[in-house]
Amino acid sequence: MKTPVTVLGLGAMGTALARTFLAAGHPTTVWNRTPGRSPELDALGAIRATTPAEAVATGPLVVVCLLVDATVRSTLDGLDLSGKAVVNLTNGTPAQARDTAGRVAAVGAEYLDGGIMAVPAMIGGPGAFIFYSGSPVAFERHTADLAVLGRPEYVGGDAGLAALHDIALLSAMYGMFGGAQHALALVGSEKIPAAPFTEAFLLPWLTAMLTALPRIAKDLDEGPQSGPAGSNLAMQAAAYDNLIDASVAQDIDPGLLSPMGELLRRAVAAGHGTEDLAALVPLLRRSA
Ligand code: FVH
């Protein structure tokens with residue numbers, strides 16, 4: 001008998017989670033604010049609850065996947081969660097996670113916060129992984145249950161750490177996509193089609209550049225490697241002005257790119273002109 005699971009929220013992601021639990025043989029009770037959402041789950045054996053209270057009463061493992069933290073708060077408040085493990089996979093901040101952890105613990109439940117590193121179509125597949133932090137008891141008890149969704153990555157007992165990892169990765173993703181979108185706007189300004197440009201140049205270029213990340217991380221952890229930087233910051237700051245000037249000349253808003261140019265100039269002014277990109281990271285700290 002697989003652990004009975006409750007899924008609160010049947011948006012795109014909650015539906016994928018419920019479908020995956022059902023496929024793995026977990027008795028799965030679902031609740032959604034708007035009734036009748038994701039009717040395909042009925043044929044897979046989902047049990048529909050009409051209220052969150054009815055839904056959480058059916059089993060020991062409650063998975064929450066709603067839009068934002070305020071929704072989680074209004075849905076969970078007042079429920080009898082005593083003795084249950086509450087796993088909140090709603091996107092949120094570390095502070096929100098710690099706050100929810102406190103409120104859930106106060107009503108006698110174990111709390112795990114989670115950060116899903118997958119889109120709905122990836123859930124249950126090999127590429128999906130999910131950060132968890134919070135109650136080690138809940139994680140140990142439910143690792144196998146949660147593993148059907150994606151590779152579980154437990155990052156610590158502080159409930160805020162999963163959200164921190166999640167937001168770090170999303171920050172990197174949005175930075176990368178922002179740059180790629182700027183590139184596509186630039187070539188589009190000369191009617192160069194996006195698809196062949198992406199396949200022939202953009203994707204191979206980004207893939208090659210990403211291989212620099214481990215070296216940047218090593219520099220951060222161990223200090224700059226000896227010897228001259230292959231692409232020093234003084235050179236990069238000088239060339240960066242061309243990115244802004246060319247964008248403006250092509251009538252493309254440089255707003256996504258400008259802050260990086262300012263950071264490069266600040267690094268050079270602070271004496272890091274001979275160093276590599278790792279030198280930018282400490283400057284992002286607000287107290288720097
Ligand atoms: N989809 C994705 O690609 C990402 C992948 C990484 C993780 N995120 C986060 O997962 C959370 C849910 O995302 P989603 O994709 O399921 O979002 P929607 O399809 O928009 O569904 C939203 C659900 O939230 C319910 N809801 C909204 N407001 C309320 C409320 N005030 N009270 C109760 N429930 C509420 C909504 O219900 P309804 O509109 O159908 O009644 C949906 O069930 C999210 O944190 C992502 O950042 C997804």
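Start by selecting Tyr132, Phe139 and Tyr154, which form one aromatic cluster; rings of Phe, Tyr and Trp (its six-membered ring) pair if their centres lie within 6.5 Å. You are looking at a predicted model, where local features need pLDDT of at least 70, side-chain atom pairs count only at pLDDT 80 or more, and totals for chains, interfaces and linings use all residues. Residues are numbered from 1 along each chain as its sequence is written, and side-chain values use heavy atoms, with hydrogens and water left out.

The whole structure holds four aromatic pairs. For one of them, pick Phe129 and Phe131: their rings sit edge-to-face, 5.4 Å centre to centre with 90 degrees between the planes (over 60 degrees counts as edge-to-face). Phe131 is buried because its relative accessibility is 8%, and buried means under 20% relative accessible area with a 1.4 Å probe, protein chains only.

Next, select His142 in helix H6 (residues 136-147); helices are DSSP runs of H or I, at least four residues, numbered from the N terminus. His142 is buried too, at 4% relative accessible area. Beyond its neighbours within four places in sequence, His142 is in contact with Thr3, Pro60, Leu61 and Ala85, contact being heavy atoms within 4.5 Å.

Finally, show H7 (residues 161-188) and H8 (residues 194-210), which pack at about 140 degrees with axes 11 Å apart. Axes are lines fitted to C-alpha atoms over the stretch in contact, and angles run from 0 to 180 degrees between N-to-C directions. Colour Met176, Ala180, Ala183, Leu184 and Val187 in H7, which meet Ala194, Phe197, Thr198, Leu202 and Leu206 in H8.

Definitions and conventions: Helices (H or I, at least four residues) and strands (E, at least two) are DSSP runs, numbered from the N terminus. Buried means under 20% relative accessible area, exposed over 50%, partly exposed in between (1.4 Å probe, protein chains only). Rings of Phe, Tyr and Trp (its six-membered ring) pair if their centres lie within 6.5 Å; planes under 30 degrees apart count as stacked, over 60 as edge-to-face and the rest as tilted.
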